[in-house]
2 protein chains.
Amino acid sequence: MRVGANAATRLIIEAVAETLDVETFVSSHTFRIADLGCSVGPNTFFAVQNIIEAVQSKHQCQEGLHSQLPEFQVLFNDHTLNDFNTLFASLPPDRKYYAAGVPGSFYFRLFPNASLHFVYSSYAIHWLSKVPKLVVDKSSPAWNKGRIHCSNSEDEVGKAYEAQYVEDMACFLHARAQEVVCGGLVALIITGRPNGILHSQTTQNIIYDLLGSCLMDMARKGIINEEKVDSFNLPTYHMSPQELEAAVDRNGYFSIERMEDLPLSTEVGTLPRSQLLTSHVRAALDGMIKAHFGDVILDELFDLFRKKIEEEMPMIESGRTINFFALLRRKEMD
Amino acid sequence: MRVGANAATRLIIEAVAETLDVETFVSSHTFRIADLGCSVGPNTFFAVQNIIEAVQSKHQCQEGLHSQLPEFQVLFNDHTLNDFNTLFASLPPDRKYYAAGVPGSFYFRLFPNASLHFVYSSYAIHWLSKVPKLVVDKSSPAWNKGRIHCSNSEDEVGKAYEAQYVEDMACFLHARAQEVVCGGLVALIITGRPNGILHSQTTQNIIYDLLGSCLMDMARKGIINEEKVDSFNLPTYHMSPQELEAAVDRNGYFSIERMEDLPLSTEVGTLPRSQLLTSHVRAALDGMIKAHFGDVILDELFDLFRKKIEEEMPMIESGRTINFFALLRRKEMD
């Protein structure tokens with residue numbers, strides 16, 4: 001992800017230089033930045049440092065504003081169960097900002113009205129607020145038996161996932177429209193789905209399908225209960241740039257100032273690709289699987305998974321994915 | 001402490017009604033409250049709830065302001081090593097405010113300029129920022145050999161503690177003068193020392209002296225190293241109301257609106273007083289002793305301590321202490 005993050009850094013610096021009207025904010029003295037879905041660091045610290053430096057140099061370029069450099073407050077947000085203790089302990093000691101942690105889901109209001117000047121969220125809003133209800137409802141045509149994600153965008157499961165995304169994104173934008181000052185910016189780095197590509201054709205979903213089939217193999221061997229697999233679904237959705245545009249249009253309070261693909265990570269290391277992929281997926285889903293199935297199955301599951309990945313590498317490599325950057329600007333309206 | 005806290009609640013409600021000029025703040029939409037030294041809850045949640053209700057009813061009383069009820073943001077502050085995860089997990093789910101955690105020492109700046117409307121700190125500022133340097137310096141006349149606190153206010157150790165208090169309180173007020181808006185309030189609940197009473201006459205110091213003598217007993221028995229006892233000192237200072245007044249005067253940015261003794265806790269329970277006192281002291285100092293001496297000594301130390309307390313109960317009961325409430329108001333000046 002570092003490759004994408006570095007490219008995003010450049011885009012953010014440009015965005016602040018071109019789009020941020022710092023004069024508007026001078027009267028408020030404090031420039032407030034929120035990182036939504038910040039995790040425990042250190043990536044969030046690099047990101048906010050870049051934003052602050054970009055805002056400072058914009059200030060210094062604008063004649064007459066130099067003497068009124070604002071103070072910065074950074075609000076680090078993540079779920080209530082995020083390890084804020086670790087985040088706080090690793091805050092850079094030489095930081096030039098006031099730091100605060102804000103626990104809670106970013107699909108709800110987290111901050112007072114018109115209190116934020118820059119919102120940043122990196123590789124976080126592909127997490128839905130919850131698993132769509134219908135996919136775990138046995139009586140629903142969207143019941144997702146034997147699978148852990150929407151593998152076919154056209155069917156009922158796919159529609160349930162899409163509906164959850166539409167609802168969540170509406171909540172996200174509605175909350176931010178209230179929290180962000182007019183002229184304020186929202187920079188999103190999103191792991192998504194190229195326009196015109198079905199969910200089933202994405203790298204992510206091919207990988208989730210393989211993981212789901214490993215769970216079903218273990219159910220068939222009697223290691224886990226099949227019903228447990230039926231009730232396990234990943235609350236993620238990989239939106240396309242077009243879907244984001246539509247959500248922003250529906251919301252109405254933001255203009256899209258920039259939308260750009262980010263380079264995909266091409267990690268080169270000594271580890272074989274299958275092992276790398278397995279450890280990435282395990283790092284992302286470990287906690288969720290443990291909470292649902294208990295932790296005894298983890299090693300066996302990911303061993304099986306690594307083997308499947310090795311076998312199915314050509315299929316995985318045929319998968320499509322994008323990371324993209326979107327910059328929204330809060331319109332001048334109440 | 002609940003007795004004192006309940007009395008303080010009433011004082012805060014009165015203070016807001018009489019002293020807070022809510023009209024001044026209406027333009028800022030958000031009313032920001034900070035609890036400095038909040039620990040992990042739940043006391044902090046009761047306290048901020050009371051403050052919010054008091055501000056709301058003041059708003060409702062003031063004609064024409066009802067429609068402009070502000071939003072509330074509460075900034076929970078404590079040391080970086082405080083367990084913010086526990087604090088966040090126990091936030092009241094039905095809270096009517098935006099919550100944030102702010103890690104760091106309140107002897108430094110924690111918040112942007114003029115961003116707070118109400119600062120609250122309860123049973124926290126008797127903790128100094130650090131043990132005074134001189135009391136652990138073997139070459140200093142203030143070296144505190146064989147003791148763990150200042151037992152005689154007149155000697156060099158007492159002077160070193162007092163100097164640390166003066167410096168810390170200056171930092172505290174200097175930081176708050178910048179953070180609190182003009183007209184904003186600072187409510188302090190302090191466990192202190194009555195005016196005109198020497199440190200050696202306070203209940204706290206009599207108790208610390210007993211604890212120190214237990215440590216020395218253990219050193220004599222070879223259970224702990226005597227040098228370890230020499231280098232262990234408690235970073236607490238029990239200020240008198242007069243000392244607080246002097247600090248506020250020296251700072252110059254606050255007026256004292258109210259200063260009042262709080263009733264002392266008269267805990268009635270089934271446990272004998274010695275056991276109660278021991279468990280209070282252990283709860284407060286456990287972590288610090290563990291960090292310095294390791295945790296193997298804890299049970300033996302507090303067993304010894306409980307016995308000494310039983311023996312010395314008349315001396316403890318002759319000790320003097322107060323809890324007091326102070327309400328400061330940020331003057332209208334920059």
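This is a predicted model: local features need pLDDT of at least 70, side-chain atom pairs count only at pLDDT 80 or more; totals for chains, interfaces and linings use all residues.
Local features need pLDDT of at least 70, side-chain atom pairs count only at pLDDT 80 or more, and totals for chains, interfaces and linings use all residues. Residues are numbered from 1 along each chain as its sequence is written, chains are lettered from A, and side-chain values use heavy atoms, without hydrogens and water.

Start with helix H10 of chain B, residues 298-311; helices are DSSP runs of H or I with at least four residues, numbered from the N terminus. Among the buried residues of H10(B) are B:Leu298, B:Phe302 and B:Ile309; buried means under 20% relative accessible area and exposed over 50%, with a 1.4 Å probe and protein chains only. The buried residues fall within an arc of 155 degrees, so they line one face of the helix (the arc is taken from directions between the helix axis and the C-beta atoms). B:Asp299 and B:Glu311 are exposed on the face turned away from the buried side. The cover over the buried residues of H10(B) includes helices H6, H9 and H11 of chain B.

In chain A, the axes of H9 and H10 come within 10 Å and cross at roughly 145 degrees (axes are lines fitted to C-alpha atoms over the stretch in contact, with angles from 0 to 180 degrees between N-to-C directions).

B:Met169 touches residues including B:Ile125 and B:Leu188, contact being heavy atoms within 4.5 Å.

Technical notes
Helices (H or I, at least four residues) and strands (E, at least two) are DSSP runs, numbered from the N terminus. The expected span of a helix is 1.5 Å times one less than its number of residues. Lists of a residue's contacts leave out its neighbours within four places in sequence.
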